[in-house]
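Biologist: I would like to learn how to read the features of a model like this one. Could you take me through it, step by step?

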Amino acid sequence: MKENVIRTVCVKLDINGHNATLTDTMKMFNAAASWIAQTCWDENITNTNTAHHRVYGETRNRFGLLAQLAIHARVKAMEAIASVKKKKDASCPQFGPCGSVRMDNHHSYTFKPLDQVSILTAQGRVLCKMVMGERQRTMLTDTEWENGTADLVWRQGVYYLHVTQSKEKPEEQEHNDVIGVDLGIVNIATDSDGAQFTGEQVRTVRARYKRQREELQKVNTPSAKRKLKKKSGKEHRFQSDVNHCISKALVTKAAVSRKALALEDLTGIRERITVRREQRYERHSWAFFQLRQFISYKADREGIAVILVDPAYTSQTCHMCGHCEKANRRTQSEFSCQRCGFTMNADANAAINIKTVAVNQPMVSPLGRCVVRVDTSPLL
Ligand SMILES: [Zn+2]
């Protein structure tokens, strides 16, 4: 079966005075989804078909939802159940009145001329205007991508449409070279050509959020708690934006130069003793994993190969003479070879080692991925 790649286009809506209609729809949809979740949870229903027959008619009667909305309320409920069931001590998922509303293309939402979208609500269809930039317009009209389901999302008084698009995964393009990428916190990403995305701005903003968080925690009133929640959402979105920009820059660079990307392979990283303590912390933060995720799915969409290499010693090995010693990395930022005296930014040196390992790495063997270590013999 052919694999698909997906992406999401977020568009702000000008709701044309349909506020009450949309708010009602959201409320009803989420109340229905909560009821469905509770019913299926209590009756231990996990099969989609069984769930449909059990709740469909009653959902429509109880909540007055139209067919498409009733079906998607069930989809939302069952997806949430499936995801919490994986956890220990799970409890039945419930949804707030402002939770998102899932809609399918053509039936529940339809694009109309002049940047308009028709949305199916509990009171019939309403026409909203999409407030779009050039980038979003290009994405939505790109015929290579097919528009799928969309989520109607409410955030702080504003409605958004999050449209999911998909296309067939492109064939991996042939590459004649590799860009090695070292990921970290001080320098979020450094590539083997020396290009660097520093974490300076990210750290400043995070420090500001941390201060504000601490102040609000001291106050500890309901309104402070609300503000705290809002702030944490903002901080997450800021970090995601940063990760989107960096991953996009790296993948675009690889695409235009027809190169593959090489990253450190972090499977089993917890068991490794060769990774420095501060790196261990960095590598368990969600932001760090999110960036890796963004790079790999953006690369997938463009048909860029991502090669994973063993991270052992990439930060301690001199890329000039191959000498590997802990003392080579004197500080976080400084690499200074104890044998040949070569000095360089430590992350840039690591990125070059990652590239070297990737270039020399044998192709996948029938037994699975073959991993080569950077050893102490000269690499170049
Ligand atoms: Zn050296």
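This is a predicted model: local features need pLDDT of at least 70, side-chain atom pairs count only at pLDDT 80 or more; totals for chains, interfaces and linings use all residues.

Biologist: What counts as a strand, and what counts as a pair of strands?

Modeller: Strands (E, at least two residues) and helices (H or I, at least four) are DSSP runs, numbered from the N terminus. Two strands pair if DSSP finds at least two bridges between them. Strands of a sheet pair through backbone hydrogen bonds, either parallel or antiparallel. Here, strand 3 and strand 4 (residues 116-121) run antiparallel and are joined by four bridges. They form a hairpin with three residues between them, and Leu 114 in that turn has a positive phi of about 60 degrees.

Biologist: How many residues lie between strand 4 and strand 5 in their hairpin?

Modeller: Two residues lie between strand 4 and strand 5. Six bridges join this antiparallel pair, and Ile 119 stands opposite Val 126 of strand 5.

Biologist: In what order do the strands of this sheet come?

Modeller: The sheet is open, with seven strands in the order 2-6-7-1-5-4-3 and antiparallel pairing. Its edges are strand 2 (101-103) and strand 3 (109-112), each pairing on one side only. Neighbouring strands are turned by 35 degrees against each other on average, direction ignored. Such angles run from 0 to 180 degrees between N-to-C directions, with axes taken as lines fitted to C-alpha atoms, for helices over the stretch in contact.

Biologist: And which bridges join strand 1 to its partners?

Modeller: Strand 1 (residues 4-14) is joined to strand 7 by nine bridges, running antiparallel, and Val 5 stands opposite Lys 167 there. With strand 5 (residues 124-131), strand 1 pairs in the antiparallel sense over three bridges; in that pair, Asp 14 stands opposite Lys 129. Strand 7 (residues 158-168) also runs antiparallel to strand 6 (residues 146-155), with eight bridges between them, and Trp 154 has Tyr 159 of strand 7 as its bridge partner.

Biologist: Now the helices: at what angle do helix 1 and helix 2 pack?

Modeller: Two packed helices are described by the angle between their axes and the distance between the axes. For helix 1 (residues 19-42) and helix 2 (residues 48-63), the angle is about 145 degrees and the axes are 10 Å apart. Residues are in contact if their C-beta atoms, placed from the backbone, lie within 7 Å. The contact includes Met 28, Trp 35 and Ile 36 of helix 1, and Val 55, Arg 62 and Phe 63 of helix 2.

Biologist: What follows helix 1?

Modeller: Helix 1 is followed by Asn 44, which has a positive phi near 55 degrees.

Biologist: What is the order of the strands in the sheet with mixed pairing?

Modeller: That open sheet has five strands in the order 10-9-8-11-12. Strand 10 (196-198) and strand 12 (306-309) are its edge strands, each pairing on one side only. Strand 11 (residues 259-264) runs parallel to strand 12, joined by four bridges, and Glu 264 stands opposite Val 309. Helix 9 (residues 346-360) packs on this sheet, touching strand 8 (177-183), strand 9 (187-191), strand 11 and strand 12, and its direction makes about 140 degrees with that of strand 8.

Biologist: Finally, how is the chain divided into domains?

Modeller: The chain is divided into domain 1 (4-168) and domain 2 (177-198 + 244-360), with bounds that come from an automatic or database domain assignment. Taken over C-alpha atoms, the centres of domain 1 and domain 2 are separated by 39 Å.

Conventions: Residues are numbered from 1 along each chain as its sequence is written. Two residues are in contact if their C-beta atoms, placed from the backbone, lie within 7 Å.
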